[in-house]
Amino acid sequence: MDHLAIPVRDQEGSRRFYEAYFGFGARPARRYADGVLMLYNATGFALALGPSDEPIARPSWMHFGIGLPEREAVLALRDRLASDGVE
C-alpha cells in the first residue's frame, strides 16, 4: 500500500497534525484540482486529505498504526500528544 485517503473537515488543521506528529511533510504537499491535499512522509507513503462538508463518523473498529523504532518512542509520542491536548 502506498497511500491512504481520508475525509477531513479541516484540511489545514489535519495537515498540521500529520506533519507535526507523524512525519508527513517530507516533501512538498500537493493539492489536486478536486481539492484533495496530498501529504508525503520520508518513505514515500502518501496521505490524501479529501475535503468533506458532510459529518464524518469514524467506525468504532477503525484505526491505523505507525511503526516506531522502540517502546520509548511510542511513550514519547503518547506523552507529546497528551501534553499538546490531543485526544
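Two strands count as paired here if DSSP finds at least two bridges between them. Keep that in mind for the close-ups below, which all come from a predicted model.

**View 1. Strands S3 and S4 pair up antiparallel.** Strand S3 covers residues 37–40 and strand S4 covers residues 46–51, and the two run antiparallel with 4 bridges between them. Look for methionine 38, which sits opposite alanine 48 of S4.

**View 2. The whole sheet has four strands and stays open.** Reading across, the order is S1-S4-S3-S2, and the pairing is mixed. Strands in a sheet pair through backbone hydrogen bonds, in either a parallel or an antiparallel way. S1 (3–8) and S2 (30–31) are the edge strands; each has a single partner, so one side of each has no neighbour in the sheet.

**View 3. Helices H1 and H2 meet.** The axes of H1 (residues 11–22) and H2 come within 11 Å and cross at roughly 145 degrees. On the H1 side, the contact uses Phe17, Ala20, Tyr21 and Phe22, while H2 brings Leu77, Arg80 and Leu81. Sorted by class, that's 6 nonpolar residues, 1 charged and no polar ones.

**View 4. Helix H2, end to end.** H2 takes in 13 residues, 71–83; at 1.5 Å a residue it should span 18 Å, and since its end C-alpha atoms are 18 Å apart, the two agree. After H2 comes glycine 85, with a positive phi near 80 degrees.

How values were computed. Residues numbered from 1 in each chain as written. Predicted model: local features only at pLDDT ≥ 70, side-chain atom pairs only at ≥ 80, totals over all residues. Heavy atoms only, no water. Expected span 1.5 Å × (residues − 1). Axes fitted to C-alpha atoms, helices over the stretch in contact; angles between N-to-C directions. Contact = heavy atoms within 4.5 Å. Nonpolar A, V, L, I, M, F, W, Y, C, P; charged D, E, K, R; others polar.
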